[in-house]
Amino acid sequence: MTMSSTEAGGERQVEKVVIIGSGPAAWTAAIYAARANLAPLVVEGLPSTEMIPGGQLMFTTEVENFPGFPEPVDGQELMHRMKAQAERYGTRVLSDDVVGVDFSSQPKRLSTAYSGEIWAEAVIVATGARANWLGLPNETRLARSGGGVSACAVCDGALPAFRNQVLVVVGGGDSAMTEAEHLTKYASQVVIVHRRDRLRASKILAERVLAHPKVRVEWNKVVVDILGEDFVTGVRLKDTRTGEESTLDCKGVFVAIGHTPNTAFLKGALALKPNGYIQVEPGTTRTSVPGVFGAGDVIDDRYRQAVTAAATGCMAALDAEQWLAEHGR
Ligand code: NAP
């Protein structure tokens, strides 16, 4: 259901709620908004070399920690189910990218790559974040095929293939430390590969992780290749001081060199945190612009889980519904 309003040049359709994104936050927001009779329109994004509709879970083979699935569920299957559930209650889906926004007027205006402009009373931004990768060809191949390369230890660390194996974590920040610590539950040994001789991570966390008997660090090393046909068998390391190369045998590589929130298309239309994530009022999904809400990893630089993204998607739909009601829209 859309509303019409008249402006010079004729009628234009105004959506009640447009949701930008297609991960767990977006589909959960859509399920709630659809069931509240808001007839949401989801702009799900187009496939690119870095991201595909469905978000980061599309690169995850087995999800073992999403409640309700006692057997592991394939990440793509989970996303297809969430989308189908949203569509069942009347969500409409547009396969396009939002490339620009104008939140200065009401209704708000979204520019898409191919479908022209969309007008909306309320907008939920759920565009997620993408893990930063090293950019190695074998990294991409083995990450996409579920071959032992991952950017999320909490998601993938417990998989049987990683049990009692040597696992590598790349990075020296808090993420690398928390990933390494998590992996000590499963691995025989966790080797942190860091490109410098000092960690970026907070001291207290780093000290705890480095004191773990299963953890050791390869200092001043970068990963220049990931070895293995169907599954990881090792990494090729290069010493950043001497240039010397060596091979380290391992069964898994966890890349923890940071994430980048997908906020570039906002071009300053919403207040962001210094690290680029959307700023929301604590305990809500309200952004700096009334009627625009943030949900999922694009507002979350901490938990980054499918279930937490789904939770804030629910919150965003409820916040949007309340905002529309309060403003008589
Ligand atoms: P981060 O702090 O930016 O650290 C990224 C790490 O990856 C750095 O050590 C960096 O090396 C390394 N790195 C970056 N690009 C690389 C490359 N191409 N090759 C090799 N190494 C590379 O990112 P983060 O650890 O994801 O943390 C992001 C934010 O979330 C931080 O504010 C952090 O405090 C927070 N966080 C907090 C917790 C917690 O439990 N409190 C957990 C996770 C994240 P250099 O050090 O040489 O630059």
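This is a predicted model: local features need pLDDT of at least 70, side-chain atom pairs count only at pLDDT 80 or more; totals for chains, interfaces and linings use all residues.
Let me begin with the cysteines. Cysteine 250 has a relative accessible area of 3%, so by that cut-off this residue is buried. Cysteine 314, at 16% relative accessibility, also counts as buried, and cysteine 152 is buried too, with a relative accessible area of 15%.

Which cysteines form a disulfide here? In general terms, a disulfide is a covalent bond between the sulfur atoms of two cysteines. The structure holds one of these bonds, and the partners are cysteine 152 and cysteine 155, whose sulfur atoms are 2.0 Å apart. The torsion about this S-S bond, between cysteine 152 and cysteine 155, is about 75°, and the disulfide is therefore right-handed.

I now move to the ligand. There are 14 residues around the ligand, and those that come nearest are Asp174, Ser175, Arg195, Arg196 and Arg200. Sorted by class, this shell is made up of three nonpolar, seven polar and four charged residues.

In arginine 200, an N or O atom of the side chain is 2.6 Å from an oxygen atom of the ligand, while for arginine 196 the distance from a side-chain N or O atom to a ligand oxygen is 2.7 Å. At glycine 173 the backbone takes part instead, with a polar backbone atom 3.3 Å from an oxygen atom of the ligand. Taken alone, the ligand exposes 900 Å², and the protein buries 67% of that. As for where the ligand sits, the space that the ligand takes is the second largest pocket.

Technical notes: Residues are numbered from 1 along each chain as its sequence is written. Side-chain values use heavy atoms; hydrogens and water are left out. A residue is near a molecule or strand if one of its heavy atoms lies within 4 Å of it. A polar contact is a pair of N or O atoms within 3.5 Å; within protein, one must be able to donate a hydrogen and the other to accept it, and residues adjacent in sequence count only if both atoms are side-chain atoms. Accessible areas come from the Shrake-Rupley method with a 1.4 Å probe; for residues, only the protein chains shown count as cover. On a 1 Å grid over the protein atoms alone, a cavity is a set of points where a 1.4 Å probe fits but cannot get out, and a pocket is an open set with protein on both sides within 12 Å along at least five of seven lines; lining residues have an atom within 4 Å of a point. A molecule sits in a cavity or pocket if more than half of its atoms lie within 2 Å of its grid points. Ala, Val, Leu, Ile, Met, Phe, Trp, Tyr, Cys and Pro count as nonpolar, Asp, Glu, Lys and Arg as charged, and the others, Gly among them, as polar. A disulfide is a pair of cysteine sulfur atoms within 2.5 Å. Buried means under 20% relative accessible area, exposed over 50%, partly exposed in between (1.4 Å probe, protein chains only).
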